[in-house]
Amino acid sequence: MVETALVDWSRMQFALTAGYHWLFVPLTLGLAVIMATMESIYVATGDEFWKRTAKFWMKIFAINFAVGIATGIILEFEFGTNWSNYSWFVGDIFGAPLAIEGIFAFFMEATFFAVMFFGWEKVSKRFHLAATWLTGIGAAISAVWILVANSWMQNPVGMEFNPDTVRHEMVDFWALVLNPVAISKFFHSVFSGWMTGAIFVIGISCWYLIKGRERRFALSSIRVAAIVGIFGTLAVMFSGDSSGVHAAKYQPMKLAAAEGLEDGGPRAPFSIVPGVEIPGMLSILATHDIDGYVPGINNILDGYTTPEGERMLSADEKIERGKVALEAFATYRELKESDPEAAALARQTLDENIEYFGYGYIDSKEELVPPVPLVYWAFRTMVYLGGFLLMLMFVVLWAERRKRLADMRWLLWVALLSIPLVYIAGQAGWIVAEVGRQPWVIDGLLPVKAAVSSVSVAAVQTTFWLFVAIFTLFLVIEIRIMIKAIKQGPNIEIE
């Protein structure tokens with residue numbers, strides 16, 4: 001078995017890359033909708049003000065888009081460099097959506113981005129508007145395929161194991177695409193991008209009001225962004241509800257960790273903070289039934305029986321069956337040429353226990369519990385910040401419509417200083433999704449310690465710190481370029 005340090009450093013490197021990448025993706029998704037809405041108003045009204053407003057936010061979009069591509073490319077390469085066993089084991093499945101994303105969605109984005117950014121005076125207004133919307137749609141389609149791949153890691157479907165090639169092979173492409181986890185995750189992630197873009201635009205626009213600049217531009221941008229953001233945040237809440245139901249069904253340990261629920265049952269409580277609970281609320285969220293049964297960490301480890309009478313195996317039983325599967329697999333590989341009859345029996349044993357194949361790599365049931373405090377607080381950070389930001393957008397929109405916002409300096413500062421909060425909420429959500437399913441890289445199928453590449457710890461450490469330097473440089477450069485563009489402003493008016 002690989003050494004723990006290699007697994008830990010490989011995980012940290014991937015978390016670093018993914019975390020930096022997700023700083024850029026949501027703003028791309030959100031700004032795409034906001035600037036396309038502004039350009040739609042321009043085409044509908046003919047008011048040049050809206051054209052200049054859309055062009056300004058398009059400039060910010062372009063800066064963010066470019067840096068996001070760089071981090072995304074590095075992220076995909078890490079599957080081959082740091083997680084080669086994973087790539088070999090499930091590459092036939094995982095690679096398909098990523099290939100579609102690269103071939104179709106990325107080229108769609110790149111093509112229409114060029115028309116959108118450079119084609120203002122070269123194509124008709126309606127064609128340019130179509131290019132702007134298609135750039136945003138391309139970004140969303142790109143997210144579809146990436147999230148399909150990620151959701152398969154959360155709920156593996158549509159495949160079967162081939163012991164001759166030692167690979168899981170896709171047998172149902174549409175099961176992969178229509179995975180219920182993928183559908184919920186897509187809407188949750190994309191609409192969270194709308195919220196990110198909205199808070200960003202509102203915060204920057206409030207800075208202009210604080211400085212007494214670009215009044216009409218700032219108030220108009222706030223109005224559009226707040227409407228987009230409120231809709232997006234409400235959609236995030238709705239999709240989050242379905243994500244909770246799916247977690248209860250497919251990843252009960254993640255749900256138990258997110259709630260710090262040691263012993264579950266019917267009428268399971270929702271923990272607001274440690275020691276403060278709402279009785280029955282977790283059962284409602286997880287099953288849409290106040291009497292619904294929600295297992296806790298101990299129930300999952302020790303085994304339990306559902307109210308419908310289905311017996312769920314204990315962790316020790318799953319580990320035992322996993323080791324039987326591994327032994328049968330080794331026997332089959334060894335005897336398939338020399339003793340076909342014995343190999344066939346081994347293959348039968350393997351097929352009977354294949355569901356628990358990944359558990360054969362687990363040494364003790366304690367490994368199956370993710371870091372509960374981190375997941376618990378990440379979930380609450382996501383939820384509570386999301387609620388605060390939704391309330392903020394409602395208040396800002398109300399003040400703007402009442403023509404009082406420009407005089408409410410305290411609210412302007414709150415909105416400006418809330419920009420980092422929306423990024424913290426997004427990162428917290430991904431911590432819940434990814435750390436909550438540990439120790440699995442593919443839930444219940446392949447643990448992280450069996451997925452890493454056979455490389456030296458020193459090599460991973462070196463590249464980790466190299467990436468820290470490169471990504472931080474990218475981020476600093478982007479922020480400086482954005483600040484310069486924001487200080488320069490749209491220069492639409494002086495009021």
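Is R167 buried or exposed, and what is its relative accessible area? R167 is buried, with a relative accessible area of 14%, where buried means under 20% relative accessible area, exposed over 50% and partly exposed in between (1.4 Å probe, protein chains only). The model is a predicted one, in which local features need pLDDT of at least 70 and side-chain atom pairs count only at pLDDT 80 or more, while totals for chains, interfaces and linings use all residues. Residues are numbered from 1 along each chain as its sequence is written, and side-chain values use heavy atoms, with hydrogens and water left out.

The side chain of R167 meets that of D92 in a salt bridge, at 2.5 Å from N to O; a salt bridge is a side-chain nitrogen of Lys or Arg within 4 Å of a carboxyl oxygen of Asp or Glu. This pair links distant parts of the chain, R167 being in strand 2 (residues 167-170) and D92 in helix 3, 75 residues apart. Helices (H or I, at least four residues) and strands (E, at least two) are DSSP runs, numbered from the N terminus. D92 is partly exposed, at a relative accessible area of 34%.

The search of the whole structure finds 14 salt bridges. Among them is the pair K51 and E121, whose closest N and O atoms are 2.8 Å apart. K51 is buried, with a relative accessible area of 9%, whereas E121 is exposed, with 62%. A salt bridge also joins E367 and K449, with 2.9 Å between the closest N and O atoms. E367 is in the loop between helix 12 (340-353) and helix 13, and K449 is in the loop between strand 10 (446-447) and helix 16 (457-488), 82 residues apart. E367 is partly exposed, at 25%, and K449 counts as buried, at 15%. R223, E400 and R401 are linked in a network of salt bridges.

Helix 4 (residues 125-154) has 30 residues and spans 43 Å from its first C-alpha to its last, close to the 44 Å expected at 1.5 Å a residue; the expected span is 1.5 Å times one less than the number of residues. Of its 30 residues, 21 are buried.

Helix 8 (residues 252-259) and helix 13 (residues 372-401) pack at about 75°, with their axes 6 Å apart. Axes are lines fitted to C-alpha atoms, for helices over the stretch in contact, and angles run from 0 to 180 degrees between N-to-C directions. The contact (heavy atoms within 4.5 Å) is made by K254, A257, A258 and E259 of helix 8 and V372, V375, Y376, F379 and R380 of helix 13.

Two residues other than glycine have positive phi values: E214, near 45°, and H288, about 60°. E214 is found in the loop between helix 6 (180-210) and helix 7 (215-250) and counts as buried, at 5% relative accessibility. H288 lies in the loop between helix 9 (281-287) and strand 6 (293-294) and is exposed, with a relative accessible area of 52%. A cis peptide bond joins Q438 and P439, with omega about 15°. P439 is placed in the loop between helix 15 and strand 9 (440-442). Most residues other than glycine have a negative phi, and most peptide bonds are trans.
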